[in-house]
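Thank you all for coming.

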Amino acid sequence: LALKFQQARLDTRLLGFLPESIRKVVSDLKPEGRVNLAVDLNRQNPAEPADYSIALDCLHNSIIAPGLCYLVEDVNGTVLIKPDGIKFVNVAGVIHEDAPAGTTATVKLTGELALTDEGFSSGTLDLSASNVPMDEQFAQALPRQLQFLYDRLTPPGRFDLDFKNIHIGQDNDGEKSVDFAGTVKLRNCDFPMSGSRIGLSAQLTTQGRYSMGRGLIGCQTVLDDGTVKIRGKSVTGLKGNILYDPNNRQWSTDDLTTDWYGGRLKGKFAFKQPAGQAAEYVLQTGFDSVDLQRFLADSESQASPQTGHTSGKMNGSFSVNARIGDDSSRIGACKLQIRDMQVGKLSPLAKLLNVLKLTEPTDYAFDQMFVDSYIRQNSLLIKKLDLSGRSVAFYGSGQMDLQTQNVDLTLTARGQRLATDDPSLWQSLTEGLGRGV
């Protein structure tokens, strides 16, 4: 028996003709609209069920993507249904969203699923998507251990993905699992962390396995050409290998590298969420030969970044550890060493030099500046600031409020020597007397 339907409405009566195992799969998609159907039925033996094949051509339909809760509209493509499986041939659509004109998120699916009386048992799929928003609908598809993170960070960015040969099968314990490999491109993701807005764009090549019952059980990711922006400062060309440890529920990388304002930056990062506890992160970085003028000029608040900035070469390290959403847990350290430093006329330090009536060009040139500081909650505690100049030198300590960026320093004039050198006996005496001057 061969049947053909033109412009058939997708409703419960039409879906009722489908076999039970396929009916549930299709019903979960909540399809709407009209389709063209070609049905072939063949029954040679009354004692056996009929053999059949169904070709369904989508005509700008809409469905609800299972697990994602995305409304996908303008769906086109062909779905081939047989007793032992269902095949998707270039099924593509547009994700519905309230977005400005010209912003379109698309998704495309090709592949097949093997069917049993209980539903699908295995399959191989190709999945690609473009310009997908990371909104509340996306959050519902995240693993349970990451959904709370979205609630706190709410990144309004977008992503593209391209996965080939996604394999659906069973683990040794009988749970369904998904083996995946492909690329994910994050674009303009913006989220708060430790009181700062962090912008993230990156190209990720990833592979791993996801268990329907246990969640993510393994993942390896290569970060390439990543860009991170914090308070107007940019880290571009970021590279690294990211691993996921399911036992400790931790993402980590030990080999972050990038060129940074003419110098080099290396670092480690770990993000961990122990069961029943708040997530926490640890960041450790070291950098050298950074062009201080380029670093200071890269600021969103500077109208004319080419003039008036302090120059020099900067080395140092920075580390911080905190729980997500809890600034009171934040601790860290920051050390800086600046060589061949010349104070720009627009810098806060120039105001100090102006008070001291220093006007010669050499008055603004320093051999070295050294800063040793620690982070505790919302304060940067400056344990030691030592500035060695050709005409004048200072040392002192103080603190900076990380929220208001107000600085409170006590500086003492001292004799000439390199900032990292220990003073001689005579210098110790004279620098101690300097507190009374």
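Predicted model: local features only at pLDDT ≥ 70, side-chain atom pairs only at ≥ 80, totals over all residues.

Residues are numbered from 1 along each chain as its sequence is written, and side-chain values use heavy atoms, with hydrogens and water left out.

The chain contains 7 helices and 21 strands, where helices (H or I, at least four residues) and strands (E, at least two) are DSSP runs numbered from the N terminus. Of its 437 residues, 40% are buried; buried means under 20% relative accessible area, exposed means over 50%, and partly exposed lies in between, with a 1.4 Å probe and protein chains only. The chain exposes about 24400 Å², and carbon and sulfur atoms supply 52% of that area, which was computed by the Shrake-Rupley method with a 1.4 Å probe, and for residues only the protein chains shown count as cover. If we take the contacts (heavy atoms within 4.5 Å) between residues at least 6 apart in sequence, 48% of them join residues at least 24 apart.

Let us go inside. In soluble globular proteins, nonpolar side chains tend to be buried together. A nonpolar core here is a set of buried Ala, Val, Leu, Ile, Met, Phe, Trp, Tyr and Cys residues joined through side-chain atoms within 4.5 Å. Which residues touch the most other members of the largest nonpolar core? They are Ile 81 and Trp 260, in a core of 73 residues. Apart from that core lies another one, of 6 residues, including Phe 271, Tyr 281, Ala 322 and Ile 324. Leaving aside residues up to four places away in sequence, Trp 260 touches Ser 234, Val 235, Leu 265, Phe 287, Val 290 and Phe 295. Ser 53 itself belongs to strand E3, residues 51-65, and is partly exposed at 22% relative accessible area.

Now for the backbone. Most residues other than glycine have a negative phi, and most peptide bonds are trans. Tyr 261, although it is not a glycine, has a positive phi of about 50 degrees; it sits in the loop between strand E13 (250-260) and strand E14 (263-272), and it is buried, with a relative accessible area of 10%. Ser 289 also has a positive phi, near 55 degrees, but this residue is found in strand E15, residues 280-291, and is partly exposed at 30%.

Next, the charged side chains. Side chains of opposite charge can pair when their charged atoms come close. How many salt bridges does a search of the whole structure find? It finds 6, a salt bridge being a side-chain nitrogen of Lys or Arg within 4 Å of a carboxyl oxygen of Asp or Glu. One of them joins Arg 187 and Asp 160, whose closest N and O atoms are 3.2 Å apart. Because Arg 187 lies in strand E9 (residues 176-193) and Asp 160 in strand E8 (residues 158-170), this pair ties together parts that are 27 residues apart in sequence. In another, Arg 13 meets Asp 11 at 3.4 Å, N to O; here Arg 13 is exposed at 67% relative accessibility, whereas Asp 11 is buried at 19%.

Arg 330, in strand E17 (residues 326-342), is buried at 6% relative accessibility. Its side chain joins that of Asn 378 through a polar contact of 2.6 Å, meaning a pair of N or O atoms within 3.5 Å; within protein, one must be able to donate a hydrogen and the other to accept it, and residues adjacent in sequence count only if both atoms are side-chain atoms.

Finally, the surface. Leu 1, Leu 3 and Leu 41 form a nonpolar patch with about 270 Å² of accessible area together. Patches are made of residues with over 30% relative accessible area and no salt bridge, like charges being joined within 9 Å and nonpolar side chains (Val, Leu, Ile, Met, Phe, Trp, Tyr) within 5 Å. Leu 3 is in strand E1, residues 2-9, and counts as partly exposed at 34%.
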